[in-house]
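Subject: A structure for you to look at

Hi there,

Here is the structure I promised to pass on. Have a look at it first, and then read my notes below.

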Amino acid sequence: MAHLVTLIPGDGIGPEVADATVRAVEATGVEIEWERVQAGLGALAEYGQLLPDDVLASLEITRIGLKGPTATPIAGGHQSINVALRKKLGLYTNFRPVRMLPGLKTRYQDVPLDLAIFRENTEDLYAGLEHEIVPGVVESLKIITRNASMKIARATFEYARREGRGKVTAIHKANIMKLSDGLFLKCCRDVASQFPETQYNELIVDNACMQLVMRPETFDLLVLPNLYGDIISDLAAGLVGGLGIVPGANIGDNHAIFEAVHGTAPDIAGKGLANPTALMQSAVLMLAHMGEREAAGRLQRAIEEVYRHRECLTGDVGGTGTTSQFTEAVIRRM
Ligand code: NAI
């Protein structure tokens with residue numbers, strides 16, 4: 001029976017990388033019925049809503065989404081679509097594996113780099129609770145709960161046990177935010193004590209940034225509250241060749257949405273220059289999540305072969321290929 005997947009192409013380069021990824025997934029031979037729905041600026045123009053009701057209705061049925069980036073108007077009255085989807089569907093884990101692809105020329109090309117980020121996805125400053133106290137003074141509330149912190153900590157350590165990963169690093173600023181980040185840390189310690197086989201340590205976020213740049217190979221799994229997770233994800237993407245590479249998954253108890261770390265890249269949108277690797281690697285995570293591990297492995301290996309031979313790579317990773325030339329190369333390798 002075909003798998004049902006909600007496809008949200010998104011804005012900017014979203015439709016380009018989504019089409020490329022759909023082609024690559026279809027070339028694996030796995031049967032997927034895509035329910036294509038619109039969210040983002042395109043949906044706002046057409047239906048007057050950034051996140052129309054049929055997006056959530058579709059995800060309620062399919063429980064799996066593949067999503068391109070969506071634009072959120074800066075400093076406007078709209079809530080981010082990602083924040084809304086993550087909160088509404090309880091997608092509390094944002095999982096982002098950061099690995100070097102073969103053949104890529106980056107400053108870190110000789111470093112054995114293989115880390116994964118577990119970013120809490122539903123609260124922190126992303127709760128979006130901001131208000132003006134008096135003119136000229138605003139307040140933004142940082143919400144940290146025991147419930148959400150325990151969930152992300154458990155997800156991290158359970159992954160470590162399942163995948164045989166050795167170390168979890170919790171990243172925080174509890175020296176300043178003693179209550180909020182303090183609670184996050186306490187939850188990580190509680191969970192760590194139940195997983196004695198996994199090494200556990202803690203780093204203050206500013207120091208973590210420096211260590212990541214100087215010694216990225218010493219990191220394994222990172223668990224972070226929402227805002228630090230967002231920032232460190234882009235930093236980590238920079239270690240392995242940029243935002244065109246790093247995939248992601250938003251996972252809850254009943255639903256999962258797979259999407260790249262990158263945004264809509266308005267500077268290159270519509271030019272056929274976008275690198276679809278990040279969304280293709282997100283689709284690899286999606287196929288594995290659906291139980292299609294063999295197809296996931298084949299797609300991953302095809303991507304790696306294309307990089308190893310530096311075939312039709314896109315401009316962001318030093319090539320001259322277009323989105324569709326790269327996609328065809330991946331399909332040929334499969
Ligand atoms: P961005 O990730 O869109 O772009 C940053 C830089 O990376 C740009 O130079 C861009 O060309 C490059 N880049 C990103 N993805 C690439 C790819 N696949 N191939 C080649 N180059 C790539 O970040 P920016 O400019 O801060 O955000 C633009 C918009 O995207 C904003 O409206 C923001 O809200 C939205 N956004 C949406 C996300 C999502 O829906 N998941 C995540 C991050 C940002």
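Which side chains meet in a salt bridge, Asp114 with what partner? The side chain of Asp114 pairs with that of Arg99, at 3.3 Å from N to O. A salt bridge here is a side-chain nitrogen of Lys or Arg within 4 Å of a carboxyl oxygen of Asp or Glu.

Before you go on, please note that this is a predicted model, where local features need pLDDT of at least 70, side-chain atom pairs count only at pLDDT 80 or more, and totals for chains, interfaces and linings use all residues. Residues are numbered from 1 along each chain as its sequence is written, and side-chain values use heavy atoms, with hydrogens and water left out.

The protein splits into domain 1 (1-101 + 240-334) and domain 2 (114-239), with bounds from an automatic or database domain assignment. Their C-alpha centres are 24 Å apart.

Now for where they meet. In domain 1, 21 residues are in contact with 23 residues of domain 2; contact means heavy atoms within 4.5 Å. Together the domains bury about 1800 Å², with 52% of it on carbon and sulfur atoms. Buried area is the accessible area (1.4 Å probe) that two parts lose on being put together, summed over both. Tyr92, Arg96 and Val98 supply 33% of the area that domain 1 buries against domain 2, more than any other three residues.

The count of salt bridges between the two domains is one.

Enjoy exploring!
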